[in-house]
Amino acid sequence: MSDSPEPLVDVHAHFLTPRYLQEAKTAGHLRPDGMGAWPTWEADRHLELMDQWGIATSLLSISSPGTHFGDDKAARALSRHVNETGAELERANPDRFGHFASLPLPDVDAALEELAYAMDQLGSDGVTLETNAHGIYLGDARLTPLLAELDRRRTPVFVHPTSPPNFETVSLGRPRPMLEFIFDTTRTVSDLVFNGRLTQYPNIPWIFTHGAGALPLLSDRMELFRSVFASSAPADHGSEPIGPIPEQISRLWFDIAGTPFPRQVPALTAAFGTQRLLYGSDYCFTPAPGATAQITSIDTATQPENDTWRALTSRNARRLFPRLATHTHV
């Protein structure tokens, strides 16, 4: 481990398998979300880097474009494969790796089946969803059976951004993670809010990425449209009014993957506070030098009063995932 007295908990870390890569490429994802190429990933190398960076535990997930490439049967099989692989990685390194299970949305029946298998049989720490599943955003009525079950189980949901359905028009040929991921996170949170899902299913611990996207800047504008320009009734959830937008968003959890300093974290904490701030590296889709620079920026930034960003985010992670409190590396 690093000499750092405050090891990090990384809630935004990815893994890959040869089968996953092959099926993604066969489905046409040769350059994921417009990036130059797929990254490489090996467990031993990831563990070495975690030691170098002072990361105690990484919760692994499959990144964009997820596990559904257009065929329901194939998506079910691929989700089961990556979930069983993630569980094996955790069993082999129980203090170092955790796992968010992938669900084969938009196939809701299959997602419910995989959710039960992952949480009851594999012992996953939660599930990961994309910001949209083939154009279906998380507030869509078609997903309410899944949201109801996630709420009943109080399952943590890590929401990873993906390309929007019209990316060819709006991305202007540039890598979608640069701008479109930020706005797709904002878009799916707005869909949850304005369809009343955060009120309807209050027991889902939602984790969003990259400093909350554009939400620190746009939550007041969303509130303006809720309170002044439109009815406060949700679009398709009875007549119960939805509450103030900033208050709803402040109940979500956010990681600080990407470029946390000098501007992202100050804007995020000014808008929503520090009680639900989590660390995220985005390795291996963020290359090792980029993750090194990101952690350096965190360690050299102005620290919170009588605290550090490392200690603050790790305490928050232990509140969200109590099992991590028993880890010897934390």
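## Overall form

The secondary structure of this predicted protein amounts to 13 helices and ten strands. Its radius of gyration is 19 Å, close to the 20 Å that the globule rule gives for 330 residues, so the protein is as compact as a globular protein of that length. Taken along the principal axes, the box filled by the C-alpha atoms is roughly 55 × 50 × 40 Å.

Of the 330 residues, 56% count as buried, and among contacts with a separation of 6 or more, 78% are made by residues 24 or more positions apart.

## Surface and charge

The accessible surface of the protein comes to about 14000 Å², and carbon and sulfur atoms account for 53% of that area. The side chains include 27 positive and 39 negative ones, and the centres of these two sets lie 2 Å apart.

## The eight-stranded sheet

Eight strands form an open sheet with parallel pairing, in the order β1-β2-β3-β4-β7-β8-β9-β10. The edges are formed by β1 (8–14) and β10 (277–278), each of which pairs on one side only. In general, the strands of a sheet pair through backbone hydrogen bonds, in either a parallel or an antiparallel manner.

Strand β2, which spans residues 55–61, is mostly covered, with seven of its seven residues buried. Five bridges join β2 to β1, and these two strands run parallel; within this pairing, the bridge partner of A13 is L60 in β2. Three bridges join β2 to strand β3 (residues 97–102), again in a parallel arrangement, and here L60 stands opposite H99 in β3.

## An exposed helical residue

D220 lies in helix α9, which covers residues 215–229. With a relative accessible area of 55%, D220 lies above the 50% cut-off, and therefore this residue is classed as exposed. D220 and R80 are 140 residues apart along the chain, and their C-alpha atoms are separated by 40 Å.

Methods:
Residues are numbered from 1 along each chain as its sequence is written. This is a predicted model: local features need pLDDT of at least 70, side-chain atom pairs count only at pLDDT 80 or more; totals for chains, interfaces and linings use all residues. Side-chain values use heavy atoms; hydrogens and water are left out. Helices (H or I, at least four residues) and strands (E, at least two) are DSSP runs, numbered from the N terminus. The radius of gyration is taken over C-alpha atoms; the globule rule is 2.2 Å times the number of residues to the power 0.38. Buried means under 20% relative accessible area, exposed over 50%, partly exposed in between (1.4 Å probe, protein chains only). Contact means heavy atoms within 4.5 Å. Accessible areas come from the Shrake-Rupley method with a 1.4 Å probe; for residues, only the protein chains shown count as cover. Lys and Arg count as positive and Asp and Glu as negative; His and the chain ends are not counted. The place of a charge is taken as NZ of Lys, CZ of Arg, CG of Asp or CD of Glu. Two strands pair if DSSP finds at least two bridges between them.
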